[in-house]
Every structure is written in C-alpha cells, then in structure tokens.
Amino acid sequence: MATGVKRSQGRVGVAGLGTVGASLIGFLTERPLFSPTGKPVTVTGVSARTRGRARPVDISKLAWFDDPVALAASPDNDLFVELIGGAEGPARLAVETALRLGKPVVTANKALIATHGAALATLAEAHHAPLLFEAAVMGGAPAVKMLREAMVGDEVDLVAGILNGTCNYILTEMEASGREFAQVLAEAQRLGYAEADPTVDVGGFDAGHKITILAALAFGCAPTFAAAEVEGIGRIELLDIRLAKDLGYRVKLVATAERTGTDVSVRVHPALVPLDHPLARTAGALNALFIQGRRIGRIFVQGPGAGGGPTAAAVAADIADVLTGAARPVFQAPASTLVPFTPVDTSHVHGRYYLRLLVRDEPGVIAAVSETLAGAGVSIDSFLQKPVEGAGGVPIVLTTHAVIESVLSEAVRRMAALPALLEPPRLIQIPRI
C-alpha cells in the first residue's frame, strides 16, 4: 500500500439514487461487505435530485443531502460513491471535493473519467486517495480489472469490442426483424433499452467514453476523449446489413484502441465482423471485449454492459478493493507521466473496407467505378451486384484489399461525381480483430 493512503472504515456516502444507486444500497443490505475491523459497510448518507421519489429501497433512516458536494465533504463518511453521471457540474465537483479530502472515490461515471481522468488522477495521487471506476465500462463484466490488474505483467497491443448495449440491440433487431433503424430505435425506447434522447448511445459517444478509458489503462496514457474518432450507427441501413450478411459479415458498432509503435489510435465505428467471429455472435444488449497481450495472447470477456444489478455489483467490487487498502496508479502509470494520445491521422490508417454504391441500371457503370478506384490506387477484393427490391436502384458492393484510408476517401470523393450514382457512397470498415 502506498505511503499515506487511508484505508476506509466502510462508512459510505452515495450520490445518485437511480437504478444503480438503489441497487447498490439493496446489494449492501442483502450481501454486506466488511471493513478490516470486521464492521459491515454502511451507507451513512445519500444525495439525489428528488428526495420524495418512490424507490425500491428504504432511505428514510439515511442522512439526506440536497447537495452532493456537501455529502462528499461530510465527516460522517470516509468513502464517496458517485453515481450522478455527466462530465461536468455536481458530479465533477463532488468527486474533486472527496479526493481533496483524501477520501477514496468509486464512480460509474464514464464521461467524467474519459474527459477529466488525467486531472482527477493527479488530484487522487496528490492526496493519496484511491479512484476506482470498474462500473464505468461494461457494467458487471470486469473489463477495467482485466487491464488494471490481470494484464499488468504484459504489454497490450489491442483492445476491441462491443461496448454499447443499446446499439448492439438495435443492430441485432434490424437484422432479425427486417426493420429499419428508426423503427427499431422507437421500439428500444419503449422497452427502456434507449433513452428518450438516444444521441449519446446511437451517436457512439457512450462507447467512445468507454474505449477512451480502456485505452488509458491499456497503454498508460492520459484518457483523451476529444482525440477519439467517433461514428455512431445512425446511418446504417437495413440494405447494408443484408448485403454484408451475403458477403459473410455482420454489422456491429466496434470500439478499438490500438498501439502501433509509439502511437495510440482510439476509434468507434460501424464495422463488418465475420459471421463466425465471437463479436458477431454477441447479440442483443450484451457487451464483449477482446484484449490482445504480447505474452498472454487474446482474452475475451462478455457480459451485460448495463443494468442496476451488474453495475452495482461492479461498484461493490471497487468498494471491497478500497477496504483492503490496495493502491495502484489510476491509469497504470503515475499521473505526472501520462501523455494524451493524438487524434487519428487517416494518412496512416491502413485497412480493408466495405463500399456500397446505389446506381442506375445502365451500361458502363461498373467500368466507371472500377476505373475510378484503380486510378486512385484502390484494389478490389470482392464484388457483389445484387438487385434488391425497393432499393430504388441497383446496389453494387465492393470490399477492398488493405488501403490507406485517406487514399480510399479521395477515391470515394471522385466516385461521388459519377452521373450514375443515386446517393453518396457508403463506407464501412472491416477491422483486423
């Protein structure tokens, strides 16, 4: 244990009483954790937006704080749990307050850690206060622990997976039901899988926060969400899902963090995954993750990425770690050494792609497409021309050999000017996973 680190005695303040917060209080009541002195962990105070809201747990005997910052500062707790959410505002202020007082902090706030993780790590280390966030990524599946603990003796080259259950549910249902994106999204909102404003999920930002955190843990760099390249699933059409399957692929929203030399690339994007790949078989709201180590090889983790029970269990696991007095750098290396990763440079990105064109059914179209690609230096790997009822034209699908992304983008720009094209070309990556 690092010098100066204070071991919590198990008096916990919980800010945020939504699904996860209520589940955590229930969890600690039904299956208590114990401090090093043998006393059970107790929740001494809580904070939330609305005091009188009906909840599945009894909080009537707990001290109530209208202001989570006041709860973080209260001397009646020595461990602060933040379940408010959001990168700014009360969540950030409360976490900073607790850390400055030397209190261990456990949080499920992916946006906060992805955006301000380096500054919070500096604050935590300066005041000898543990900062743990297992529940911020993949709910109850131990993705953070795998990188923070199990892989500490190895060098990680690649982290890749499905990190947003809402997007995975939508893509799974589009394929299974034959419905378009908007229809399945509306159903997901009715069922509670998607928020009323689904932008954070379907825009790829939620997965972006998570892969940013995993990149920092895997490669010992500062979490830099602003440098991640993020694309969501809003432009995925049922036509692409059907054609990809004909080619032996399934469309998934894949988050990747990869180290090449001294560079780190962090991306979220729709991708074509081979049908026999474990990520392609990860259906519904499940999450899945690959970690590629140079010595250990490839590790695969799969589980529910959200939900009150799994996420509360991950929070409880972090509380248990705090109770043992275990102390590690927040992101594998001292905060003073963390360097932000830089945005993706497409002139260095080399990979394969799916390219779908919707064209008029007229002579010379395929030749014009082939000539445009060849002129830009893009080599075709496979070709599929398959009339689709209701498509409004003839879909042409190409997959490329490995090509520099900026070269392909220039070829697509030229191709968009072809008179026979009915809509802009559609590109989807085929990653090496």
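A search of the whole structure, a predicted model, finds 26 salt bridges. One of these joins Lys-110 to Asp-206, with the closest N and O atoms 3.6 Å apart. Lys-110 belongs to helix H4 and Asp-206 to helix H9 (residues 205-219), so the pair ties together parts that lie 96 residues apart in sequence. The two partners fall into separate accessibility classes: Lys-110 is partly exposed, with a relative accessible area of 22%, whereas Asp-206 is buried at 7%.

A further salt bridge is formed by the side chains of Asp-240 and Arg-356, with an N to O distance of 2.8 Å. This pair also links distant parts of the chain, since Asp-240 is placed in helix H10 (residues 238-246) and Arg-356 in strand E13, 116 residues apart. Asp-240 has a relative accessible area of 0% and is therefore buried, the limit for that class being under 20%. Arg-356 is likewise buried, with a value of 1%.

Within helix H13 (residues 405-415), Glu-410 and Arg-413 are 3 residues apart, about one turn of the helix. Their closest N and O atoms are separated by 2.6 Å, and the two residues form a salt bridge. Glu-410 is partly exposed, at 27% relative accessibility, while Arg-413 reaches 55% and counts as exposed. Elsewhere, salt bridges with shared partners connect Asp-154, Glu-155, Asp-157, Arg-294 and Arg-295 into one network.

With regard to cysteines, the search of the whole structure finds 0 disulfides. Cys-167 is buried, with a relative accessible area of 1%, and Cys-221 is buried as well, at 7%.

Positive phi values occur in residues other than glycine, among them His-128, for which phi is near 55 degrees. His-128 lies in the loop between helix H4 (110-126) and strand E6 (131-132), and its relative accessible area of 37% makes it partly exposed. Gln-332 also has a positive phi, near 75 degrees. The loop that holds Gln-332 runs between helix H11 (308-324) and strand E13 (350-359). Gln-332 is partly exposed, with a relative accessible area of 27%.

Phe-383 is located in strand E14 (residues 380-385).

How values were computed. Residues are numbered from 1 along each chain as its sequence is written. This is a predicted model: local features need pLDDT of at least 70, side-chain atom pairs count only at pLDDT 80 or more; totals for chains, interfaces and linings use all residues. Side-chain values use heavy atoms; hydrogens and water are left out. Helices (H or I, at least four residues) and strands (E, at least two) are DSSP runs, numbered from the N terminus. Buried means under 20% relative accessible area, exposed over 50%, partly exposed in between (1.4 Å probe, protein chains only). A disulfide is a pair of cysteine sulfur atoms within 2.5 Å. A salt bridge is a side-chain nitrogen of Lys or Arg within 4 Å of a carboxyl oxygen of Asp or Glu.
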